[in-house]
Amino acid sequence: MTTPLSLEMIRQAPKALLHDHLDGGLRPATVVDIAGQVGYDGLPTIDPDELATWFRTRSHSGSLERYLEPFSHTVAVMQTPDALHRVAAECVEDLAADNVVYAEVRFAPELHIEGGLSFDEVTEAVLAGFADGERRAAAAGREITVRCLVTAMRHAALSREIAELAIRFRDEGVVGFDIAGAEAGHPPSRHLDAFEYMRDHNARFTIHAGEAFGLPSIHEAIAFCGADRLGHGVRITDDITVDDGEVRLGRLAAILRDKRIPLELCPSSNVQTGAVASIAEHPFDLLARARLRVTVNTDNRLMSDTTMSKEMLVLADTFGYGWTDLQRFTVNAMKSAFIPFDQRVEIIEEVIKPRFAVLVG
Ligand SMILES: [Zn+2]
């Protein structure tokens, strides 16, 4: 029996993150600060601690729709180039402080044009912020690589334009595309045009599917849209049965495993949106034991009151994971990243494995 891992121990581990929303990870003090600068008076409180509590309690609501409500406040303070730059740079610093060594952070340009910015201007401000954050983190002795995914909102009709934006900025740090937002009534196949555009340009994308909605959403994402990864995908368990300890996969679950489709699992968020009842009932461990390609993610660090280390800790506490397991999930994530193969291998071999070796040793 090994000693259980503590939060402090897990903080030391190198981490790779594939699913993190820029507008879901602001520092509460920054929200208050920018709101003051831009004259946004819609915040429920201007005390940063009270605001942090407000976000947390509002988001832990058991429904995806209500979980998404508090985003109106973070989005409201992300409408100028300066604000976007600052939020993006701080995001990188916060991830680096948690020893995240690689992250793909996503945001939806269409939510940040209320101040008159174009999609390109929004994207340029965020990418410049990421680059600045990388420099500041490196100066503080923490190397981190952050790349960007642009997201289209699934209830809107801008996905093709956002896909084109992704391709325009592909050499500038945008490594992929995604669709997000309330799942029910907005099937991924409505955005087929955007996914075809991405495939036509040999580019990668992920789709939020199988979070609030079940197998049909996952089937569409894989079979019709050709998603490279699934955002959440937890409901794939509806296609998995356990008989006398023997795990049996249906055809959809089997194709996810056969094709090594990564699942961007976000344990705390899944509980808060009601996708699963509790961490103990989270299918993470079942999916890991069934050898699907599971990865650990934060989703929204502010709303879910979490970090990569906290997500790893809650899984380690609940399912008894040790360093070997956490390393496997981290390597899974790095293998599934949208940067080129040689760069993925380099981070795995030269950063992740050596740093885990020190921890294990
Ligand atoms: Zn998400």
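1. Aromatic pairs. Two rings of Phe, Tyr or Trp (its six-membered ring) pair if their centres lie within 6.5 Å, and planes over 60 degrees apart make the pair edge-to-face. A search of this predicted model on that basis finds 8 aromatic pairs in the whole structure. Take Trp54 and Phe55. Their planes stand at 75° and their ring centres are 5.3 Å apart, so this pair is edge-to-face. Trp54 and Phe55 are both buried.

2. A charge over a ring. Look at Arg229 and Phe338. Arg229 lies over the face of the Phe338 ring, 3.9 Å from the ring centre.

3. Helix H14. This helix covers residues 308–319, 12 residues in total. From first C-alpha to last it reaches 16 Å, close to the 16 Å expected at 1.5 Å a residue. Which of its residues are buried? Met308, Ser309, Glu311, Met312, Leu313, Leu315 and Ala316 are. An α-helix has 3.6 residues a turn, so residues three or four places apart point the same way. Just after H14 comes Gly320, with a positive phi of about 75°.

4. Ser304 sits in the loop between strand E10 (294–296) and H14. With a relative accessible area of 4%, Ser304 falls under the 20% cut-off and is therefore buried. Its side chain makes a polar contact of 2.7 Å with the side chain of Gln272. Leaving aside residues up to four places away in sequence, Ser304 touches His60, Tyr67, Ser269, Gln272 and Thr298.

5. Asp305. This residue is in the loop between E10 and H14. Asp305 is not a glycine, yet its phi is positive, at about 50°. Most residues other than glycine have a negative phi. Is Asp305 buried, partly exposed or exposed? It counts as partly exposed, because its relative accessibility is 34%.

6. Asn99. Here is another positive phi in a residue other than glycine: the value for Asn99 is near 65°. Asn99 is found in the loop between helix H6 (81–97) and E2. Its relative accessibility is 10%, so Asn99 counts as buried.

7. Strands E1 and E2. E1 (residues 15–21) is mostly covered, with 7 of its 7 residues buried. How many bridges join E1 to E2? There are 5, and the two strands run parallel. Within this pairing, Leu17 stands opposite Ala103 in E2.

8. His112. This residue lies in the loop between strand E2 (100–107) and helix H7 (119–139). Its relative accessible area is 0%, so His112 is buried. What does its side chain reach? The backbone oxygen of Met78, at 2.8 Å. Not counting residues up to four places away in sequence, His112 touches Val75, Met78, Gln79, Leu84, Phe107, Leu117 and Val122.

Conventions: Residues are numbered from 1 along each chain as its sequence is written. This is a predicted model: local features need pLDDT of at least 70, side-chain atom pairs count only at pLDDT 80 or more; totals for chains, interfaces and linings use all residues. Side-chain values use heavy atoms; hydrogens and water are left out. Helices (H or I, at least four residues) and strands (E, at least two) are DSSP runs, numbered from the N terminus. Buried means under 20% relative accessible area, exposed over 50%, partly exposed in between (1.4 Å probe, protein chains only). A polar contact is a pair of N or O atoms within 3.5 Å; within protein, one must be able to donate a hydrogen and the other to accept it, and residues adjacent in sequence count only if both atoms are side-chain atoms. Contact means heavy atoms within 4.5 Å. The expected span of a helix is 1.5 Å times one less than its number of residues. Two strands pair if DSSP finds at least two bridges between them. Rings of Phe, Tyr and Trp (its six-membered ring) pair if their centres lie within 6.5 Å; planes under 30 degrees apart count as stacked, over 60 as edge-to-face and the rest as tilted. A charge sits over a ring if NZ of Lys or CZ of Arg is within 6 Å of the ring centre and within 35 degrees of the ring normal.
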